[in-house]
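Student: I am about to look at a structure that is new to me. Could you take me through how to read some of its features?

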Amino acid sequence: MKITSQHFSPEVKKSQETGENTTKSAAIPVAADKVTDTVKTDASRQRMLSWFARVGISPSMMSPDPKKQKHALERRKQILETQKASNLQAVLNIALNVTINEQTSDNLDPDWFFAFSTMAEEIYSPPMQELWGKIFAVEVARPGSFSLRTLQLLKTLTHRDAQVFNKAVNVASRRSNDAVPRILVGYHKRKGLLSLLKRPVPEQINLATVGLSYPDLLSLQEMKLIYASEIESGEYDEGQQVTWRCVNENMTLTCKTSGVALVYYKFTSVGSELYKLVTKSPNEAYQQAIKTVLGEVFNVS
């Protein structure tokens, strides 16, 4: 049956209920906003049909005829299997173009590979396929780099989730010889009598002002990519130094006074594994903001 906008026209429905002449009702001028709504409805319907066609479903596919019904179901199964094979092929093509220096001669774990392929065949978004391709390339070169737990979490992430994680990566820092990234947000200083006489200074930056909103942080916590609460480092002594690297810039902090601790959000083990794959670009607004805040208690160079 051909589907037209008449099936959803309020004027036609009213004529059926009242028995009025449908031709006369159709001649009534239609307001411009109703025409616009009809156009929007038709466009939405076409998008709905297009999406369901990708999984082999149409409004009239289920025929009363058992043979036709079986044929429709077999066709749908073939469409789904073809799409899964296409997904795996896309992941493989990406992996083949990733250059990784091999650091071990260990073989890939077969259990890991078959679990990987089962999950990767259901990755349909091209940006996410690129991420899965990179993971496979790294795992082949360095077996044991990515756990199945990481893959299981990654499979639940959407492209939008990946974009939020990318924002977090661009404001994350790592200390020398430390693989775990952290998002520095400020510092905490032991209060003394002299601090009561000084002007108040901002001890933390507002991450929302540099592109990482509070809902973004909540999403990252729910996805188990960062820990759910802020963490404080141990207290630094006067003159003690520590170097952090944020994307492509080193930042050396020399403590001006004792009793100062850095405050940060810490990436989880899964977040740390995924951090290595994401293409990074410096967030200059964040880097300037964190230097300004930390400059109150550290010499920053």
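This is a predicted model: local features need pLDDT of at least 70, side-chain atom pairs count only at pLDDT 80 or more; totals for chains, interfaces and linings use all residues.

Student: Which residues of α5 are buried?

Tutor: In α5, which runs over residues 110-120, the buried residues are Trp112, Phe116, Ser117, Met119 and Ala120. They lie on the same side of α5, because they cover an arc of only 165° around the axis.

Student: Why do residues some places apart point the same way?

Tutor: An α-helix has 3.6 residues a turn, so residues three or four places apart point the same way.

Student: Which exposed residues does the face of α5 turned away from the buried side carry?

Tutor: That face carries Pro110, Asp111 and Phe114, which are exposed.

Student: What is found at the start of α5?

Tutor: There, Asp109 places a side-chain oxygen within 3.0 Å of the backbone nitrogen of Asp111.

Student: How are two packed helices described?

Tutor: The description uses the angle between the two axes and the distance between them. For α4 and α5 the angle is about 120°, and the axes are 9 Å apart. The two helices α4 and α5 are therefore oblique to each other. On the α4 side the contact is made by Asn87, Leu88 and Val91, and on the α5 side by Phe116, Ser117 and Ala120. Sorted by class, the contact of α4 with α5 has 4 nonpolar residues, 2 polar residues and no charged residues.

Student: At what angle do α6 and α7 pack?

Tutor: They pack at about 170°, and their axes are 11 Å apart. Angles over 145 degrees count as roughly antiparallel, and α6 and α7 are therefore roughly antiparallel to each other. Met128, Leu131, Trp132 and Ile135 of α6 make this contact with Leu151, Leu154 and Lys155 of α7. By class, the contact of α6 with α7 has 6 nonpolar, no polar and 1 charged residues.

Student: Now α11. Which of its residues are buried?

Tutor: The buried residues in α11 are Tyr286, Gln287, Ile290, Val293 and Leu294. They line one face of the helix, because they fall within an arc of 135° when seen down the axis of α11.

Student: What covers the buried residues of α11?

Tutor: The cover includes the strands β2 (182-189), β4 (241-246), β5 (249-255), β6 (260-266) and β7 (298-300).

Student: Which residue caps the N-terminal end of α11?

Tutor: Asn283 does, with a side-chain oxygen 3.3 Å from the backbone nitrogen of Ala285.

Student: Let us turn to single residues. Where is Val278?

Tutor: Val278 is in the loop between α10 (269-275) and α11 (284-294).

Student: Is Val278 buried or exposed?

Tutor: A residue counts as buried under 20% relative accessible area. Val278 has 15%, so Val278 is buried. Leaving out residues up to four places away in sequence, Val278 touches Phe165, Asn166 and Val169. Val278 and Asn166 are 112 residues apart in sequence, but their C-alpha atoms are 6.7 Å apart in space.

Student: Where is Asp216, and is Asp216 buried or exposed?

Tutor: Asp216 is in helix α9, residues 214-222. With a relative accessible area of 11%, Asp216 is buried. Its side chain and that of Lys167 are joined by a polar contact of 2.8 Å. Not counting residues up to four places away in sequence, Asp216 touches Val164, Lys167 and Gly211.

Student: What should I know about phi?

Tutor: Most residues other than glycine have a negative phi. Lys224 has a positive value, with phi near 65°. Val247 also has a positive value, with phi near 60°.

Student: Where are Lys224 and Val247?

Tutor: Lys224 is in the loop between α9 and β3 (231-232), and Val247 is in the loop between β4 and β5. Lys224 counts as exposed, at 55% relative accessibility, whereas Val247 is buried, at 17% relative accessible area.

Student: How many helices and strands are there in the protein?

Tutor: There are 11 helices and 7 strands. The protein has 301 residues, of which 33% count as buried. Among contacts between residues at least 6 apart in sequence, 75% join residues at least 24 apart.

Notes: Residues are numbered from 1 along each chain as its sequence is written. Side-chain values use heavy atoms; hydrogens and water are left out. Buried means under 20% relative accessible area, exposed over 50%, partly exposed in between (1.4 Å probe, protein chains only). Helices (H or I, at least four residues) and strands (E, at least two) are DSSP runs, numbered from the N terminus. The arc is that of the directions from the helix axis to the C-beta atoms. A polar contact is a pair of N or O atoms within 3.5 Å; within protein, one must be able to donate a hydrogen and the other to accept it, and residues adjacent in sequence count only if both atoms are side-chain atoms. Contact means heavy atoms within 4.5 Å. Axes are lines fitted to C-alpha atoms, for helices over the stretch in contact, and angles run from 0 to 180 degrees between N-to-C directions. Angles under 35 degrees count as roughly parallel, over 145 as roughly antiparallel, 65 to 115 as roughly perpendicular and the rest as oblique. Ala, Val, Leu, Ile, Met, Phe, Trp, Tyr, Cys and Pro count as nonpolar, Asp, Glu, Lys and Arg as charged, and the others, Gly among them, as polar.
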